[in-house]
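Q: Could you take a close look at how a pair of helices packs together in this model? I'd enjoy a connected walk through it, with a few other spots along the way.

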Amino acid sequence: MIDAIALLENSKVENLKEKSNVILEGQYKDAYNTMLDAHNANLYVGLIGPVGSGKTALCRKFANDLDKPFDWVTFSDLVRPSNLIGSFDPTLVFKYGFSPKAFVPGPFTISALSGGVFLANELNRGDEYVLNTLLDALEEKKLYIPALRTWHQVSDDFYLIAAMNPSENRGTRRLPSAIKDRIKVWYNLGYPSKAIEQKIVQAQSSEYELKPAQIELILQLIEFTREDPAVETAASIRSSIGIARLSAQRAKRLNCELSNQVIAEAARLILTEALKMKPGRNLDHYLDSLLKKVLGVSK
């Protein structure tokens with residue numbers, strides 16, 4: 001069997017501590033404690049929540065707090081087993097041939113062998129054939145690398161977290177029972193309360209002097225998109241942060257007050273691609289109505 005440490009020499013595995021602006025309050029504190037309990041009980045955990053509800057940021061903080069490397073793959077129809085496990089680098093094959101020296105491990109292999117935290121993001125968008133690549137590593141603590149025809153021992157420190165969109169979202173699949181059986185703990189995350197989201201936006205825009213009342217207006221816009229039945233995909237926390245940062249930066253560049261007009265201009269630029277309307281509804285007309293209702297600004 002090829003030494004796992006030697007296999008990883010072709011990849012730069014670094015445990016970089018990152019500053020976290022995650023607000024561990026409300027559902028996020030509860031989810032974090034659930035993840036910690038599951039980790040300590042040697043059970044894999046899954047997070048279910050809409051896009052942009054803070055799942056990835058929470059997982060990154062979790063890995064940092066455990067002092068473990070953090071790797072992830074966002075699943076889709078385009079992800080193949082080689083994207084997880086790794087493949088031969090053609091330029092290295094030319095030099096070394098089809099040997100371990102020419103093999104570049106994928107993020108799942110790196111995480112499994114180095115004992116990191118691996119986020120299987122949007123797991124229920126992945127193809128079942130691809131998801132089956134994870135099975136032996138999760139259950140038997142063995143990882144097979146087809147390109148090298150070798151089995152490798154998975155580190156005892158390895159930990160997997162799955163993140164999924166709600167099953168009713170377009171593009172999702174029913175999770176295979178074999179995968180679901182290996183992820184024992186599930187936690188549902190929604191969008192945070194307005195009070196917590198205000199703290200998140202403030203923390204992510206700390207270099208700007210945003211007033212609470214200005215953030216409140218931004219969050220009113222966001223909240224309307226989440227409650228309106230005409231909206232299929234609502235604005236996420238990233239949209240809240242984006243509007244806050246863009247409007248503050250624009251006001252700074254123009255050397256003017258952060259007015260409702262400036263917020264409206266930033267909101268239109270952010271929400272044009274962030275929102276998805278249900279069939280038959282016009283996005284431009286919806287934004288015109290929304291900005292006038294909340295900010296009193298007409299196009």
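This is a predicted model: local features need pLDDT of at least 70, side-chain atom pairs count only at pLDDT 80 or more; totals for chains, interfaces and linings use all residues.

Let's start with α2 and helix α3, the latter spanning residues 55-65. Their axes lie 11 Å apart, and the two helices pack at an angle of about 50°. Angles of 65 to 115 degrees would be roughly perpendicular and those under 35 degrees roughly parallel, so α2 counts as oblique to α3. The crossing of α2 past α3 is right-handed. On the α2 side, the contact is made by Y28, A31, Y32, M35, L36 and H39, while α3 brings in L58, C59, K61, F62 and D65.

N42 is placed in the loop between α2 (27-40) and β1 (44-48). Its phi is near 60°, a positive value in a residue other than glycine. N42 has a relative accessible area of 70%, and because the cut-off for exposed is over 50%, N42 counts as exposed.

You will find R149 in the loop between β6 (142-145) and β7 (150-153). With 73% relative accessibility, R149 is exposed too.

Now for another helix pair. Helix α11 (residues 212-227) and helix α14 (residues 283-295) have axes that come within 10 Å and cross at roughly 135°. That makes α11 oblique to α14, and their crossing is right-handed. From α11, the residues L217, Q220, L221, F224 and T225 meet Y286, L290, L291, K293, V294 and L295 of α14. This contact of α11 with α14 divides into eight nonpolar residues, two polar and one charged.

Finally, a look at S240, which is found in helix α12 (residues 237-254). S240 has a relative accessible area of 0%, so it is buried. Setting aside neighbours within four places in sequence, S240 is in contact with E197, V201, I218, L219, I222 and R226.

Methods
Residues are numbered from 1 along each chain as its sequence is written. Side-chain values use heavy atoms; hydrogens and water are left out. Helices (H or I, at least four residues) and strands (E, at least two) are DSSP runs, numbered from the N terminus. Buried means under 20% relative accessible area, exposed over 50%, partly exposed in between (1.4 Å probe, protein chains only). Contact means heavy atoms within 4.5 Å. Axes are lines fitted to C-alpha atoms, for helices over the stretch in contact, and angles run from 0 to 180 degrees between N-to-C directions. Angles under 35 degrees count as roughly parallel, over 145 as roughly antiparallel, 65 to 115 as roughly perpendicular and the rest as oblique. A crossing is left-handed if the near helix is turned anticlockwise from the far one by less than a right angle, and right-handed if clockwise. Ala, Val, Leu, Ile, Met, Phe, Trp, Tyr, Cys and Pro count as nonpolar, Asp, Glu, Lys and Arg as charged, and the others, Gly among them, as polar.
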